[in-house]
Amino acid sequence: MKRIILCSVLAGIMIAGGIFSCFYVFSFSERMGENIENISRCFEAGENEAARQAFNNADREWKSFRRLHILIADDDHALEITMSMAKIDSLLQQEDEEVLTECESAKELIRVYGYEQLPYVMNIL
């Protein structure tokens, strides 16, 4: 009986941890989307230094997220986001107008990544 209770408690902890992790990833993706939107706003306003600083903050957060979450299930999608961040960095250095387009695609990638991590029936099955 003790084993059944112990296994039930451990299973409950694992399920609760998984659900918390999914919601954390979703909230992180929302925050990253806001950071990338900030890059776009600053660049459109002609504030290249502010856009650069906003990018550095977003990039630091993304690298920290990748470093802490070494068990990311969707590695391909995370790689696409990393490549998009590198492209934004390069375009910001060149002060190219394509930064706005790349920011939009990065926001979409991050939004989709966040929604893929939410617990719903097809994710669970």
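Reply: Confidence is lowest in helix 5 (residues 121–124), where the mean pLDDT is 60, and highest in helix 2 (residues 48–68), where the mean is 90. The term pLDDT denotes the predictor's confidence in each residue, from 0 to 100; helices (H or I, at least four residues) and strands (E, at least two) are DSSP runs, numbered from the N terminus. Where pLDDT is low, the predicted coordinates should not be read in detail. The model is a predicted one, in which local features need pLDDT of at least 70 and side-chain atom pairs count only at pLDDT 80 or more, while totals for chains, interfaces and linings use all residues. Residues are numbered from 1 along each chain as its sequence is written, and side-chain values use heavy atoms, with hydrogens and water left out. The average pLDDT of the protein is 86, and 90% of the residues score at least 70.

There are five helices and zero strands in the protein. The radius of gyration (taken over C-alpha atoms) is 18 Å, well over the 14 Å that the globule rule (2.2 Å times the number of residues to the power 0.38) gives for 125 residues, so the protein is more spread out than a compact globule. Its C-alpha trace spans about 65 × 25 × 20 Å along the principal axes.

As to the rings, the structure holds five aromatic pairs. In one of them, the ring centres of Phe 26 and Tyr 115 are 5.0 Å apart and the planes stand at 65°, so this pair is edge-to-face. Phe 26 belongs to helix 1 (residues 2–44) and Tyr 115 to helix 4 (residues 99–117), so the pair ties together parts 89 residues apart in sequence. Another pair is formed by Phe 28 and Phe 65, whose centres are 4.2 Å apart and whose planes are at 5°, so these rings are stacked. Phe 28 lies in helix 1 and Phe 65 in helix 2, so here the parts tied together are 37 residues apart in sequence. The criteria apply to rings of Phe, Tyr and Trp (its six-membered ring): centres within 6.5 Å make a pair, with planes under 30 degrees apart counted as stacked, over 60 as edge-to-face and the rest as tilted. Phe 28, Trp 62, Phe 65 and Tyr 113 form one aromatic cluster.

Leaving aside residues up to four places away in sequence, Ile 36 touches Met 85, Cys 103, Ala 106, Lys 107 and Ile 110, a contact being heavy atoms within 4.5 Å.
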